[in-house]
Amino acid sequence: MESVLDLLHHTVTSPWVYLVIFAVTAVDAFFPAVPGETVVITAGVFAAGGEPALVPVIVAAALGALAGDHVSYAIGRGGGAHRLARLPADSRRRAGSEWARRAVDRRGGSILTTSRYVPGGRTAVTLTMGAVRYPLARFLFFDAVAAGTWGLYCGLLGYFGGLAFERDPVKGLLVGVGLSLAVTGLVELARWLRRRAHSRARSTTHR
């Protein structure tokens with residue numbers, strides 16, 4: 001375990017770590033199998049010891065997430081928009097896409113911001129926003145807010161975990177990742193409860 005920790009420490013304290021954070025968080029935006037959040041939290045844990053610097057970690061994470069989200073948006077806009085346009089006007093999928101377009105138009109900013117904390121959710125949302133041609137300027141604004149707060153959240157989560165377990169970085173890392181998973185679970189629970197409440201309200205109305 002000590003040798004693994006030493007290797008991790010040498011990797012995280014390398015001058016290239018900020019570029020790695022940028023690249024990983026960018027790819028994670030459109031390929032969720034890449035553990036972008038864990039990488040940022042890990043860097044934050046070691047930042048509590050002085051290296052790497054916390055502020056550049058947060059900035060690199062936010063910029064990477066922002067860049068990756070725009071790649072996902074472009075993929076959705078390039079491929080998804082053409083497929084949606086070819087759907088039959090009276091088809092269920094066309095009706096679903098029109099519903100998604102209206103939902104994004106009404107609550108695009110809040111949807112984009114909250115989905116950033118749901119694994120895989122941000123990819124689905126950014127692809128959909130591209131496919132329904134959500135205005136790019138508005139997407140940039142809300143996504144900058146979402147990516148900035150996410151970078152700050154992950155970096156500080158790791159940093160305070162590192163401070164709390166300064167003599168045992170592995171525990172600090174586990175605490176940081178555990179808290180991240182807990183927050184994600186709470187967000188998903190809130191969304192599920194909200195959908196359930198809406199479903200009950202609709203069923204009551206139709207009786």
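## Overall layout

Helices here are DSSP runs of H or I with at least four residues, strands are runs of E with at least two, and both are numbered from the N terminus. With that in hand, the protein chain reads as α-α-α-α-α-α-α-α along its sequence, which comes to eight helices and zero strands.

Welcome to a predicted model, in which local features need pLDDT of at least 70, side-chain atom pairs count only at pLDDT 80 or more, and totals for chains, interfaces and linings use all residues. Residues are numbered from 1 along each chain as its sequence is written, and side-chain values use heavy atoms, with hydrogens and water left out.

## The chain as a whole

Of the 207 residues in the protein chain, 39% are buried (under 20% relative accessible area with a 1.4 Å probe, protein chains only; exposed is over 50%, and partly exposed lies in between).

Helix 3 covers residues 36-47, and its 12 residues should span 16 Å at 1.5 Å a residue; the end C-alpha atoms are 17 Å apart, which agrees. The expected span is 1.5 Å times one less than the number of residues. Because 10 of its 12 residues are buried, helix 3 is largely enclosed by the rest of the structure; among them are E37, T42 and F46.

Helix 6 (residues 121-131) is also largely enclosed, because eight of its 11 residues are buried. Those buried residues include R122, V125 and M129. Just after helix 6, R133 takes a positive phi of about 60 degrees.

## Annotated transmembrane regions

An unreviewed UniProt entry places "transmembrane region" at residues 16-34, 54-76, 139-160 and 172-193; such annotations may be inferred rather than shown by experiment, and feature names are shortened, with positions in the numbering used here. In the model, residues 139-160 are 100% helix, with end C-alpha atoms 31 Å apart. Residues 16-34 are 74% helix and 0% strand, and their end C-alpha atoms lie 18 Å apart.

W16 sits in the loop between helix 1 (2-12) and helix 2, and W16 counts as exposed because its relative accessibility is 60%.
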